[in-house]
Number of protein chains: 2
Amino acid sequence: MRVADLPTPALLVDVDAVDANLADMAAALPGPRMRPHVKAHKTTALAARQADVGHPGFTCATVREVEGMAAAGLGEDLLLANEVLDTRRLGRLVRDGSARVTVAIDSEPTLRAAVDGGVREVLVDVNVGLPRCGIAPERTGWLADRARAAGLTVRGVMGYEGHLMMLPDVAERARLTRECMERLLAAHADVGGDVVSGGGSGTWDMNTWVTELQAGSYALMDTAYSAAGLPFRQALTVLATVVSATDATADMPAFAVADVGLKSLGMDHGNPTVVGGQVWFCSDEHTTFGPEVPVAVGDRVTVLPAHVDPTVALHERMHLVRGTGPDAEVLDTWAVDLRGW
Amino acid sequence: MRVADLPTPALLVDVDAVDANLADMAAALPGPRMRPHVKAHKTTALAARQADVGHPGFTCATVREVEGMAAAGLGEDLLLANEVLDTRRLGRLVRDGSARVTVAIDSEPTLRAAVDGGVREVLVDVNVGLPRCGIAPERTGWLADRARAAGLTVRGVMGYEGHLMMLPDVAERARLTRECMERLLAAHADVGGDVVSGGGSGTWDMNTWVTELQAGSYALMDTAYSAAGLPFRQALTVLATVVSATDATADMPAFAVADVGLKSLGMDHGNPTVVGGQVWFCSDEHTTFGPEVPVAVGDRVTVLPAHVDPTVALHERMHLVRGTGPDAEVLDTWAVDLRGW
C-alpha cells in the first residue's frame, strides 16, 4: 500500500526518523538507563521496537497502559509512574505472573491501595518542584518506612521535573534540573533502594542524576519539543486532505481547509503546523489555513501536531511509512492499543 | 450500580439535564425543524433519545458517524454536513438501503466524488462568512446546475455561521446571523430545493431563516456555551478522583491533583472547571487545582469540560446517571460509538 491510498486524517510514522530517534537515545542511555514512557505513543508495536533496541522496562501513566503492555508480552518491568487508588487490575497481573508491576505512591491512601490491590513493589514519588503528585522530600523516609512495614518492597524514588521540559533557556533548564535532582537524591538517601527514576525528553541530556530516564516524546516528537531544541526528528505527522479551497477576494486572502482538526490533534500546546501553509484556526474536523503555494481540492498536506501525547490518544491506528509524498510505502499499520483507562 | 463504583476518569450524563435540554429544543424546533448534530456526542444511544423526542434526521461530520448512525437504525435522513472526496462507504449505505444519505458539496471535485461514490443527494454548502468550507453565494447556482446535470438530486443549501456561536453580545450575534442567513437565502433562490440547513446551538433561538437547525452542543453543553448565555443545562461532567493532595507551605498554597487531564478533556477552549477548586494547569492524566475547601486523597470531584465535542471523542463510554454525588444511580452505560473516521 502507498500513502496515497490511506483515508485521512491518518497518523504517519516515518520509520527512518523513529528508528534514528530510538537508536540515538539507546546509544546515549542504553538498556535500563532508559525507561521509555508509553503514554507518548500508546502503541505496543512501537514499544516493542523500543525493547528491540535494548530497553527492558517501561513507564506507564494508566492502568490500561500497564495491562496492554503486559498483554503484548512487554511486562518485564513496568512502572506505573502515577498515583492509583484502585490497584486491583494491577494486582491481577502480578499474581498471574504476566508482568512485574511497580507503582508510585505519595501518601498513606496510595500506599494502602497498593497493599489492598496486591501490588508488591513501589517507588516513592517525590515532589521535586512541579506542583503535581509527589510527597515533600523531607517526608519520603517516613512513607518508605510505612510501606516496608506494610510488607511492600520499596525499589527507590521517582521525581519528575516536568515544569522544566520546555524551558527555552537551555542553561537555565540544566541549572534547575540540578536543583530538582538534588531534592530527589536527598529523598533517595532517606528511602533507599536501587532506583532513582525521573527526567523526560526535555532533560534527557542534562539529567545525569537519575538511574533511569522516563522519556516518551523523543520517539515521535512534536513541534513544542522541536522548539525546545531537542535533536530528535519529527517522526509523527498527520496526513490530511484539502477538502475545500477558496480563491482570494477583495476582502480576504486565499484559504484552504484540511480534514484534520480538534478531533485528531492535541490542542493544549496550540495550533498545529501545516507544511506549506499558515494555520488560521482549527474546528472539530477542519483546519483552515492560508496556503503558501496554491493548493487544489484533493491535495494531500502534512500536518505537524503541537503536542504528540494527546494527539495519538485520538487515533485508532498509526501507519509506519518509508519515504515522503503520495508514493511513500506503508510498511505496517499499528493499533494505538493503549488508549483509555 | 452507583457513581461511587465507577472507575475514573468517567463521563457522566445527568439524565434529567439532558432530557430537559432535548425537550426544550424539541418544543422550540419540533420534528424536522431540528436536525441534531451527532458530532457533539458521538453516541448513537443519545441520538436515539433525540429521535424519540421527534427529530427524524441527523447531521454528521464524518463518514464514520454516518455509518454508525445507519448501523444503529437511525438512518432515515442523514446529512453529512462536510466535504468528502471518497464517498464510496456512503454509496454502499445508499445502495443497500440502510440509510438516506445527503452530502455537502462546494466544488467540482466534491460533486464528482459524490457521483463516483454512488451518493445521489446533495446540498450545496455556502460560505456565509465563516472562512471554512462552502462556495461563494454567487456561484451556488452554477454548482447546482452542474450537480443536476451530473444526475444528482440537489435538496437545497446549507451554510454554517460558526464564527458567531460564541459572540458574547447577543444582539450583535443576532444581527450578524441575519446577515449570514441573507447570503444563504440568496443562494437558496439560485439553487432551489426544499432544504435550508444551518445554525447551531449558539444561534438556536435567533436563526429563524433555516428550515432545519444543525445544533449539537445543546444536548450535553460545556462551559464555553454556558458562558455564551445558552439556557440549556450542563448535562455532561467528568468524574475524577483526587489522587494526590499537598498541604500549603510557606512558598505555595495547598493544591490537589485529579486524575483527569489532556487525554480526557478537549483543551482547545482552555482549561476545564473543577467544581470546588481553581484549576492551575492540566497534564496528560492530571489536573492540578487549588481546592476551595480541603480535599483528601480518594475524594471524587466534578469537572466541567470547556468544549464538549473533543472531550467525548477521547472517551469510550458515557454513563447515564440520576442525581448527584457518590450515591447517584448509574442508569445505563452508553458506548461513544461514533469515534474515528
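**Domain contacts and salt bridges in the predicted model**

Asp125(A) lies in strand β5 of chain A, which spans residues 121–125. The model is a predicted one. With a relative accessible area of 4%, Asp125(A) is buried, because the cut-off for a buried residue is under 20%. Ser107(A) is 18 residues from Asp125(A) in sequence, and the two C-alpha atoms are 9.1 Å apart in space.

Chain A is assigned two domains: domain 1 covers 3–10 + 232–335, and domain 2 covers 35–214. Their C-alpha centres lie 34 Å apart. In chain A, ten residues of domain 1 are in contact with ten residues of domain 2. Between them the two domains of chain A bury about 800 Å², and 70% of this area is on carbon and sulfur atoms. On the side of domain 1 of chain A, the residues that lose the most area to domain 2 are Phe232(A), Asp309(A) and Trp334(A), which together account for 52% of what that side buries.

One salt bridge is counted between domain 1 and domain 2 of chain A. The side chains of Asp309(A) and Lys39(A) form a salt bridge, with an N to O distance of 3.4 Å. The count of residue pairs in polar contact between the two domains of chain A is also one. The side of domain 1 of chain A that touches domain 2 draws at least two residues from each of α9 (308–312), β15 (317–322) and β16 (329–335). Of these, α9(A) gives the most, with three residues. By class, this side of domain 1 of chain A has eight nonpolar, one polar and one charged residues.

Over all chains, the structure holds 40 salt bridges. In chain B, Asp309(B) and Lys39(B) are joined by a salt bridge at 3.4 Å, N to O. This pair links distant parts of the chain, 270 residues apart: Asp309(B) is in helix α9 of chain B, and Lys39(B) is in the loop between α1 and α2 of chain B. Both Asp309(B) and Lys39(B) are buried.

Glu121(B) forms a salt bridge with Arg100(B), with the closest N and O atoms 2.8 Å apart. Glu121(B) is buried, at a relative accessible area of 16%, whereas Arg100(B) is partly exposed at 34%. A further salt bridge, at 3.0 Å (N to O), joins the side chains of Glu179(B) and Arg175(B). Both residues lie in helix α7 of chain B, four residues apart, about one turn of the helix.

Terms used
Residues numbered from 1 in each chain as written. Chains lettered and ligands numbered in written order. Predicted model: local features only at pLDDT ≥ 70, side-chain atom pairs only at ≥ 80, totals over all residues. Heavy atoms only, no water. Domains from an automatic or database assignment. Contact = heavy atoms within 4.5 Å. Buried area = accessible area lost by both parts, 1.4 Å probe. Salt bridge = Lys/Arg side-chain N within 4 Å of Asp/Glu carboxyl O. Polar contact = N/O pair within 3.5 Å; in protein donor to acceptor, adjacent residues only side chain to side chain. Nonpolar A, V, L, I, M, F, W, Y, C, P; charged D, E, K, R; others polar. Buried < 20%, exposed > 50% of the residue type's maximum accessible area, 1.4 Å probe, protein only.
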